[in-house]
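Student: I have a new structure open and I'd like to learn how to read it. Could you take me through some features one at a time?

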Amino acid sequence: MVNRRRFLTLSSLAGLLPSLSFSAFKSVGSHTKASSLVVRPLAIATWDRVKATEAAQVVLERGGRALDAVEAGVRIPEADPDDMTVGYGGRPDRDGHVTLDACIMDDKGNAGSVTFLEHIMHPISVARAVMEKTPHVMLSGEGALNFALSQGFKKENLLTKKAEKEWREWLKTAQYKPIVNIERHDTIGMLAIDSVGNISGACTTSGLAYKMRGRVGDSPIIGAGLFVDNEIGGACATGLGELVMRTCGSFLVVELMRQGRTPQQACEEAALRIVKKQDFKDIQVGFVAINKKGEHGAFSIQPGFSYTLSQNKKTQVTDAKSYLK
Ligand code: SD4
């Protein structure tokens, strides 16, 4: 499985890529030098998410904002009934309710988030509305739902027949034990750099299958499931949220990059921080990161984590390196 690589041509993208150059770096701390860079727009996401990063890339290639790109990208799995870890079709909590978590961050450090949201297919767009239309960062549960309805989002049943059938099967034993890569920890976290070098990120999930009612994971928590600092880079996380939250995982990755680590080194060090302090047996956590230069990195505790990168009209799914082999 390691080193599996797939290259897919972005047939949907017409035209030549513009050659994009920018003097992107302000002087930040001691390690970031002002320099002239050529960075092509890119979108990168946790797991095998070809359609999502390609949708983001379409926005980027039109000269769109990274913020619009990540929102458009993660809306793909949110609306996909066959994707059982995000949005519509997501596996429910142990009481049979699909409850969603999502957050988004733009290049100006603005953030929006929804947690424990039910009945709305696109929590990422509600998170964006929280960011842009309220004085708050996070809305939860009934308040988030009411806000979404006030913004014109439609109330829908998100529990598909397939997810309900699996849940009823699970109820027969009702044993809750997260299993590495088997419960399909396929939360989508996405980061993008646009043609003017700005970075944004989004993260959206139905959370752990059969979680306790009311449980919220890392995915909607700014600094845990996602963090972006447009001067440095961005990071997102997937896996067992409890481990990510206890270490402020994505914030840690970005701060490590600020101290001079490459995205790869930063992801590795953040994963090691978890491994040193927490019981990680049978538990997966994976990080993906990009920096301002357009470099990327990914690392997980257990093998089996992959990420998807769309850039230069190509989409590539790559298995991340992992702490355990
Ligand atoms: C959570 N981090 O709710 C999420 C789960 C996940 O892929 O990543 N699934 O803990």
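Predicted model: local features only at pLDDT ≥ 70, side-chain atom pairs only at ≥ 80, totals over all residues.

Student: How many helices and strands does the chain have?

Tutor: The chain has eight helices and 14 strands.

Student: And what share of the residues is buried?

Tutor: Buried means under 20% relative accessible area, exposed means over 50%, and partly exposed lies in between (1.4 Å probe, protein chains only). Here 60% of the 325 residues count as buried. The accessible surface of the chain, from the Shrake-Rupley method with a 1.4 Å probe, is about 13700 Å², and carbon and sulfur atoms hold 52% of that.

Student: How do I read a pair of helices?

Tutor: Two packed helices are described by the angle between their axes and the distance between the axes. Axes are lines fitted to C-alpha atoms, for helices over the stretch in contact, and angles run from 0 to 180 degrees between N-to-C directions. Under 35 degrees counts as roughly parallel, over 145 as roughly antiparallel, 65 to 115 as roughly perpendicular and the rest as oblique. Now look at α2 (residues 66-78) and α3 (residues 123-133): their axes come within 8 Å and cross at roughly 150°, so α2 and α3 are roughly antiparallel.

Student: Which residues meet there, α2 against α3?

Tutor: From α2, Leu67, Asp68, Glu71, Val74, Arg75 and Glu78 meet Pro123, Ile124, Ser125, Arg128, Met131 and Glu132 of α3. By class, that contact has five nonpolar, one polar and six charged residues. Ala, Val, Leu, Ile, Met, Phe, Trp, Tyr, Cys and Pro count as nonpolar, Asp, Glu, Lys and Arg as charged, and the others, Gly among them, as polar.

Student: At what angle do α3 and α4 cross?

Tutor: The axes of α3 and α4 (residues 141-150) cross at roughly 85° and come within 10 Å, so α3 is roughly perpendicular to α4. Val126, Ala129 and Val130 of α3 meet Ala144, Phe147 and Ala148 of α4. The α3 and α4 contact has six nonpolar residues, with no polar and no charged ones.

Student: What about charged side chains?

Tutor: Side chains of opposite charge can pair when their charged atoms come close. A salt bridge is a side-chain nitrogen of Lys or Arg within 4 Å of a carboxyl oxygen of Asp or Glu. The whole structure has 16 salt bridges. One of them joins glutamate 164 and arginine 168, with the closest N and O atoms 2.9 Å apart. These two are four residues apart in helix α5 (residues 161-171), so about one helical turn separates them.

Student: Is lysine 281 buried or exposed?

Tutor: Lysine 281 is exposed, at 60% relative accessibility. Its salt-bridge partner is aspartate 282 (3.5 Å, N to O), which is partly exposed at 36%. Elsewhere, salt bridges that share partners link Asp68, Glu71, Arg128 and Glu132 into one network.

Key: Residues numbered from 1 in each chain as written. Heavy atoms only, no water. Contact = heavy atoms within 4.5 Å.
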